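Here's a quick briefing to read alongside the model. Have the sequence and the 3D view open as you go.

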Amino acid sequence: MENKETDICIVGAGPAGLLVAKLLLDKGYKVILLDKQKDFNKEFRGEYIQPGVVNILKQLNMFESLEPYSITITNYRILDHGKVVFKYDFDGNYGICIRQSLVLPLMLKECEKHDQFSSCLGQTAFELIKKDDKVVGIKTKGDYGDFDIRAKLVIGSDGRNSIINKLLHVPINKKQFLTDILWINIECPKNFGNKIDIRIYDEGYVVLDPAFPNQIRMGISIKKGGIGELRKKYPDIKEFTAHIVKVVPEAQAEIISAVTAWSSFTPLSVSGMVSEKWSADGVVLIGDAAHTVGPFGGQGINQAMKDAIILARIISQSSHSEFAEDKILDQLRELRYSEVASVHEFQLAQGRLLEMKGLLGRVIRRIIYHRITRNRKSGNNILSKLTFKDLTL
Ligand SMILES: Cc1cc2nc3c(=O)[nH]c(=O)nc-3n(C[C@H](O)[C@H](O)[C@H](O)COP(=O)(O)OP(=O)(O)OC[C@H]3O[C@@H](n4cnc5c(N)ncnc54)[C@H](O)[C@@H]3O)c2cc1C
């Protein structure tokens, strides 16, 4: 294929890339979007969209098409050894659990309504093209052959292993979580309801997220790198399953039918990082490419989409001659860094809290969750931040 030219080249068609594409197309920019994957069939990605982001999707008239493929979430609970120690009702608002594999193609269709848009799925970005230290495009290879895309601005929305981040050599603040998670989808038991649960037990915790159309995405925490140890401890998978059934008794039949071997699980490493720099002349990072957070609290997609909204605003409020300059693009990091870093710290602290064992752990959790609930009632609370209550377009 021939080399191409555009205003904006977006690398990565995840939630961040697709949303920023749509917002910039609406503002009249010419956009090329590429993704190394040919399709959107990814399992085990973030699926929970917070109430504040749902409200934004409504304002963008994107919600109507996503709604039929989503499950409404009205509350979030933490149970400690079977006792509810924290409950957060969204007070009339609601979040949704989506399937990225169903929703991303719908977002792509929205972009395709614009003449100024083109996409290349199955095409990988592997090098930045520079002129006088300024990024002026990318080199790509893949299903369409090798070609360059020249662009006034390259947006790196290429996820947690971002090549654009690596090519920029930005300093990274990476923190380790204590756990990895084993993921599995099970059929949804009757009357599970419209909630997300974290259930703490002696050996860790289990996350239960409804998954469209009628499943539960279950995540079981294990010690970091500890899958081998666990397999030795429970050579018969049924013994492990019996433990989990005690934590999720209402799904006994569904768990037994889904977990037939250790290979039924998909193990994923839990990590988080915040890049110290997000942009340079001609290039900017958003979403997981700039920062990743832990899986509890449903933040990843939402933080990624918030970046997209704010970046589109910054670009559209700048002149055509200036929008790709680092001094403009750096506003994104200035506006977002402290929030992302504090969510990152909160997630690390939450991870440590969930992992605390024994009576002391239970007592400390009870005190902390009680304090968060009390602060919420006084209106000053991290929960507003985590649910993106005040997000505007
Ligand atoms: C198991 C799991 C559970 C999670 N649970 C939640 C949750 O409940 N709630 C939540 O909010 N978040 C959750 N997250 C995180 C969430 O999935 C991510 O934060 C979110 O998808 C980030 O969106 P993004 O658009 O920045 O990146 P991604 O969704 O990762 O998209 C990046 C895209 O870039 C493409 N790409 C990568 N490299 C290249 C390249 N060189 N060239 C071209 N294309 C490239 C990839 O194929 C991919 O499509 C979870 C993540 C995992 C792994």
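Start with Lys152 and Asp7, which form a salt bridge with their closest N and O atoms 2.9 Å apart (the rule asks for a side-chain nitrogen of Lys or Arg within 4 Å of a carboxyl oxygen of Asp or Glu). Lys152 sits in strand 11 (residues 147-156) and Asp7 in strand 1 (residues 4-11), so this pair ties together parts that are 145 residues apart in sequence. Helices (H or I, at least four residues) and strands (E, at least two) are DSSP runs, numbered from the N terminus.

Keep in mind that this is a predicted model: local features need pLDDT of at least 70, side-chain atom pairs count only at pLDDT 80 or more, and totals for chains, interfaces and linings use all residues. Residues are numbered from 1 along each chain as its sequence is written, and side-chain values use heavy atoms, with hydrogens and water left out.

**Salt bridges**

- Searching the whole structure turns up 24 salt bridges.
- Back to the opening pair: Asp7 is buried at 11% relative accessible area, while Lys152 is partly exposed at 38% (buried is under 20% relative accessible area, exposed is over 50%, and partly exposed is in between, using a 1.4 Å probe and protein chains only).
- Lys22 and Asp26 also meet through their side chains, at 3.1 Å from N to O. They are four residues apart in helix 1 (residues 15-26), which puts about one helical turn between them.
- Within that pair, Lys22 counts as buried at 8% relative accessibility, and Asp26 is partly exposed at 40%.
- Glu339 and Lys306 form another salt bridge, with the closest N and O atoms 2.7 Å apart. Glu339 belongs to helix 10 (residues 326-355) and Lys306 to helix 9 (residues 300-316), so the pair links parts that are 33 residues apart in sequence.
- Both Glu339 and Lys306 are buried.
- There is also a network: Arg77, Asp197, Arg199 and Glu250 are joined into one by salt bridges that share partners.

- The protein chain splits into domain 1 (1-42 + 100-171 + 276-355) and domain 2 (174-270), with bounds that come from an automatic or database domain assignment.
- Taken over C-alpha atoms, the centres of domain 1 and domain 2 are 32 Å apart.
- On the domain 1 side, 13 residues are in contact with 15 residues of domain 2 (contact means heavy atoms within 4.5 Å).
- About 1100 Å² is buried between domain 1 and domain 2, with carbon and sulfur atoms giving 76% of that (the accessible area, 1.4 Å probe, that two parts lose on being put together, summed over both).
- Leu348, Leu354 and Glu355 supply 45% of what domain 1 buries against domain 2, more than any other three residues.
- How many salt bridges cross between domain 1 and domain 2? The rule finds zero.
- Helix 10 gives the most to the side of domain 1 that touches domain 2, with eight residues.

- Three strands make an open, antiparallel sheet in the order 3-7-4 (strands pair if DSSP finds at least two bridges between them).
- Strand 3 (48-49) and strand 4 (70-73) are at the edges with a single partner strand each, so one side of each has no neighbour in the sheet.
- Strand 3 pairs with strand 7 (residues 95-98) in the antiparallel sense over two bridges, and Tyr48 has Cys97 in strand 7 as its bridge partner.
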